[in-house]
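Open the model in your viewer and keep the sequence panel in view.

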Amino acid sequence: MQNQWNSGVNDRKLKEQICEIGRRIYEKGFAAANDGNISIRVGENAVLCSPTMICKGFMTPEDICAVDLDGNQIAGTRKRTSEILLHLAIMKARPDVKSVVHCHPPHATAFAVAREPIPQCILPEIEVFLGEVPMAPYETPGGQEFADTVLPFLGKGTNTIILNNHGTVSFDVDLEKAYWKTEIVDAYCRILLLAKQLGPVSYLDERESRELLDLKKKLGFDDPRFHADDCDLCGNSAFRKGYEEKLPETRAFNPPPAFPGYLKGNSGATTNGGGHNGSEGGDIEALVKAITSEVMAAIDKK
């Protein structure tokens, strides 16, 4: 078991890694003051984690503490973070997850505050490395009710979740990969906010979107759209069963194109240059032709 879990709660290298990721988070501006928390599973019932009330940019290995999967502290002189319950909920629901990073990257957190779903089918890197980023409902941070908000969104292929009015949580098999997901989602949200200042975003067409998912599968990455037969290809709907009230609605960006889900095959539809879906573009074109015909008929009568 030592080979699987390294040296358990006494593994200094893993403690140093938590400190290194904490430094990156702080220097990136993803966690102000004492914000954020980091964890690594190091045993069947043991998790190393950052302590409460400490700046993530200045931690030392001696600061790192440990808890069991119920949240009871089992090692360390500093008190464990109250939000470790969120990390443990993810690890218990997803045995493949060994590391969790929670923080407040500003651009992604802006989407959390606005409760604006992050669009899909726009940037290739996002399709391959993230996929759909679900939005967990708000709950006061720190308790079990807060931790449980992510449970409906922990299906296969998920690696990043927006926490409404709070921040993000990303997770993976190791800590660096979990951190990269945080960096990727914030960079993408920044690009979206910049693009919005120029005009409407342009979505990839169905062929382009499916090719990226084919590539993702070939590379061995998972995606929620590989498992949901009733979702839309670009519609942020793979987790529709997890939303108790209704799917998050796009308000800040033009709506995504309507394509069948990945499992349903190619419909042959394409988007137009303005970034709207094909049917919407066809409706507008037909309306323009009808108006033009009426104008020309009125001119002929004169």
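A patch is made of residues with over 30% relative accessible area and no salt bridge, and nonpolar side chains are joined into one within 5 Å. Keep that in mind for a later stop. Note too that this is a predicted model.

**Whole chain**

Start with everything shown. The protein has 302 residues, and 48% of them are buried. Colour by secondary structure: there are 9 helices and 8 strands. Consider contacts with a separation of 6 or more: 67% of them are between residues 24 or more positions apart.

**The cores**

Hide the surface. Select Ile 90, Ile 118 and Ile 161. Within the largest nonpolar core, of 53 residues, these three touch the most other members. Now select residues 84-93, helix H3. This helix gives the core its largest share, 7 residues.

Centre on Ile 118. What is Ile 118 in contact with, leaving aside its neighbours within four places in sequence? The partners are Phe 111, Val 133, Ile 162, Val 185, Tyr 188, Cys 189, Leu 192 and Asn 236.

Next, pick Ile 38, Leu 48, Met 59 and Cys 103. They are among the 21 residues of a second, separate core.

Go to helix H8 and select Lys 216. Buried or exposed? At 1% relative accessibility, Lys 216 is buried, because the cut-off for buried is under 20%.

Not counting residues up to four places away in sequence, Lys 216 touches Glu 127, Val 128, Leu 130, Gly 131, Phe 221, Asp 222, Asp 223 and Phe 226.

**The surface patch**

Bring the surface back. Select Phe 129, Leu 215, Leu 219 and Phe 221. They form a nonpolar patch with about 350 Å² of accessible area together. Pick out Leu 219, in the loop between H8 and H9. Leu 219 has a relative accessible area of 47%, so this residue counts as partly exposed and clears the over 30% limit for a patch.

**More salt bridges**

The structure holds 18 salt bridges. Select Asp 230 and Arg 240, one of these pairs, with closest N and O atoms 3.9 Å apart. Both residues sit in the loop between helix H8 (206-218) and helix H9 (278-301), 10 residues apart. Asp 230 is partly exposed at 31% relative accessibility, and Arg 240 is partly exposed at 27%.

Now show Glu 20, Arg 23, Arg 24, Glu 27 and Glu 176. Salt bridges that share partners join these residues into one network. Zoom in on Glu 20 and Arg 24. Their closest N and O atoms are 3.1 Å apart. Why look along the helix axis here? Glu 20 and Arg 24 are 4 residues apart in helix H2 (residues 12-27), so about one helical turn separates them. Glu 20 is partly exposed, at 28% relative accessibility.

Notes. Residues numbered from 1 in each chain as written. Predicted model: local features only at pLDDT ≥ 70, side-chain atom pairs only at ≥ 80, totals over all residues. Heavy atoms only, no water. Core = buried A, V, L, I, M, F, W, Y, C linked by side-chain atoms within 4.5 Å. Buried < 20%, exposed > 50% of the residue type's maximum accessible area, 1.4 Å probe, protein only. Helix = DSSP H or I, 4+ residues; strand = E, 2+ residues; numbered from the N terminus. Contact = heavy atoms within 4.5 Å. Salt bridge = Lys/Arg side-chain N within 4 Å of Asp/Glu carboxyl O. Patch = residues over 30% accessible without salt bridge, like charges linked within 9 Å, V, L, I, M, F, W, Y side chains within 5 Å. Areas by Shrake-Rupley, 256 points an atom, 1.4 Å probe, with all protein chains shown as cover.
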